[in-house]
Amino acid sequence: MKDALKTVNNPKAAPEKRAKALLSLMTLEEKTGQLNQRLYGFNIYKREGSNITLTKEFKEEVARFGGIGTLYGLYRADPWADKNEETGINGTMVKKAYNTVQKYVIENSRLHIPMMVSTECPHGHQALFGTLLPVNLAVGASFDPELLKKAYKECGKELKKANVDLALMSVLDVLRDPRWGRSEECYSEDPYLSSKLAYAAISGMESSGVGAVAKHLCGQGQTTGGTNASAAGIGKRELREIHLPSIKAAVKAGTSGVMAAYNEIDGIYCHANKELLTDILRNEYGFKGFVMADGCALDALNTVTGDSCKSGAAALKAGVDISLWDRAFTLLPEAVKRGLIKEKDLDRAVLRVLTFKFAKGLFEHPYIDEEYKEETKSKEMSAALAGETVVLLKNNGVLPVKKAGKILVTGPNACDIYRQLGDYTPPVKAEKAFTLLDGIKACCGKETEVICLPGSGLFETNDEMLKEAAEAAKKCDLVIACVGTSSSRYESAVFDKNGAALKEDKITMDCGEGRDVSEVRLSKAQERLIEALSSTGTKLVTVVIS
């Protein structure tokens, strides 16, 4: 034991050698704890003013497994997390919050093993102090991998200052059916462009010192009828030609982790697909990192196994190393005792996790030394990317807008910032965001009179609203109608246990995770608005945010 501890505590020893030494000292329960990412990090604390209090659930989890392997979403803020400027962790709270949690984990771990922190980074950091980037579908329209790489390097610097170890990045899905609500998480329908941008995003993040977790593997964008998490009806040729180039690029870029996808391929769920997660990913592509489960996905395997313990065993043997919000991986000790897996299967996954922790220097530097300071160029990169994403479909001479006269700005997406920012967006301060209406006013200046009328909602309108917009249009030199869809989570959306939007009586979202549609078109209310405006004869510019 003394020799093992000596190796563990030797910072000059190779990370894997230190990890093997530490592994030899661990109990079955402690090993299991390193593979579990069961907690919702935004729920493990209560904030009152500048005080942070850890919850009973968090302390019980630490006691159960002698520590915590990975904590998800400590900094996450959005309507599902129910965190805002008053209740969540802002920039001034980063050091205190992180150090409080990490200190408790280390001091209550028999072997003093620090935790990793993972965070959502679908298009920038989903935190109060994080910088947003354009959603992936917009980035795809930029055709600029180098700019994306720079943007994610700056984003990674933000995460690094907050001691985030893993950025969960949506870079692998290839869009094959635009009815799918998660279309905005895809760079393109084209595998070549998608793989180039995946490589850029991953290499940018990894160059900042933060480990990327590339998601999702794989075929999730194929869908059946555009339905989220449905079966991907593809053969091996289509799998390799369309869906695997992005993961091959991500591995080449040095991604630290890969997240498995919810869907099944040819009847086999990705989380239990050994051919996909081990034979192709590791043996063929040479991936050396760890595979993470998607939220609650391991428990979803119960539909096949009928048993959470068997689900955890099946996923582990297939190649999954780290769980996410499930029960299945908490039962791995039972799976060993029942003979469903061998302890060496467990050790293989634990070794990957511990090696990563040693390689990242977590044992030598587990705490944040300085207060968080915003010193990156993330916002500059975000603005540059946004400028490259706009697509002009048609211009009959109306554009550019002349800075004079009178302009009507109308449509449901004209002055709602969250409909402009995409799914998985943290709260944004009003003074830090520009809607389309704000932008038109700022660009046109005082010599132009700009008026705004809704014209219609996303899904509803009435004769009075339409008449008001049409009458105003007749008196203007130009009409700018901002229409489209919304994945805004800030309009009374209801969420599932994995954060996806649930169907509800009052529709507030028609895209985003959990919001699939049967056809790709504007709502009938917005079509009526466009028809009413077109009939006035006033010059019309249509802006689609979708």
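Predicted model: local features only at pLDDT ≥ 70, side-chain atom pairs only at ≥ 80, totals over all residues.
How are α2 and α16 oriented to each other? Residues are numbered from 1 along each chain as its sequence is written, and side-chain values use heavy atoms, with hydrogens and water left out.

Two packed helices are described by the angle between their axes and the distance between the axes. Helices here are DSSP runs (H or I, at least four residues), numbered from the N terminus. Axes are lines fitted to C-alpha atoms over the stretch in contact, and angles run from 0 to 180 degrees between N-to-C directions.

Helix α2 (residues 15–23) and helix α16 (residues 343–359) have axes that come within 8 Å and cross at roughly 130°. The helices α2 and α16 are therefore oblique to each other; the term covers angles that are not under 35 degrees (roughly parallel), over 145 (roughly antiparallel) or 65 to 115 (roughly perpendicular). Their crossing is right-handed, meaning that the near helix is turned clockwise from the far one by less than a right angle. In α2, the residues P15, E16, R18, A19, K20, L22 and L23 meet D347, V350, L351, L354, T355, F358 and A359 in α16, where contact means heavy atoms within 4.5 Å. This contact has 9 nonpolar, 1 polar and 4 charged residues. In this scheme Ala, Val, Leu, Ile, Met, Phe, Trp, Tyr, Cys and Pro count as nonpolar, Asp, Glu, Lys and Arg as charged, and the others, Gly among them, as polar.

A further pair is formed by helix α4 (residues 56–65) and helix α5 (residues 94–107), whose axes come within 10 Å and cross at roughly 35°. The crossing of α4 and α5 is right-handed. F58, K59 and V62 of α4 meet V101, Y104 and V105 of α5, a contact with 5 nonpolar, no polar and 1 charged residues.

The structure also holds 3 cavities of 30 Å³ or more. A cavity is a set of points on a 1 Å grid over the protein atoms alone where a 1.4 Å probe fits but cannot get out. The largest cavity has a volume of about 140 Å³, a volume being the space filled by probe spheres set on the points, which are joined across faces, edges and corners. Its lining comprises 17 residues, of which E120, K215, D294, Y424 and E513 lie nearest the centre; lining residues have an atom within 4 Å of a point. By class, this lining has 6 nonpolar, 4 polar and 7 charged residues.

How values were computed
1 Å grid on protein atoms, 1.4 Å probe; cavity = no way out; pocket = protein on both sides within 12 Å on 5 of 7 lines; lining within 4 Å. Helix = DSSP H or I, 4+ residues; strand = E, 2+ residues; numbered from the N terminus.
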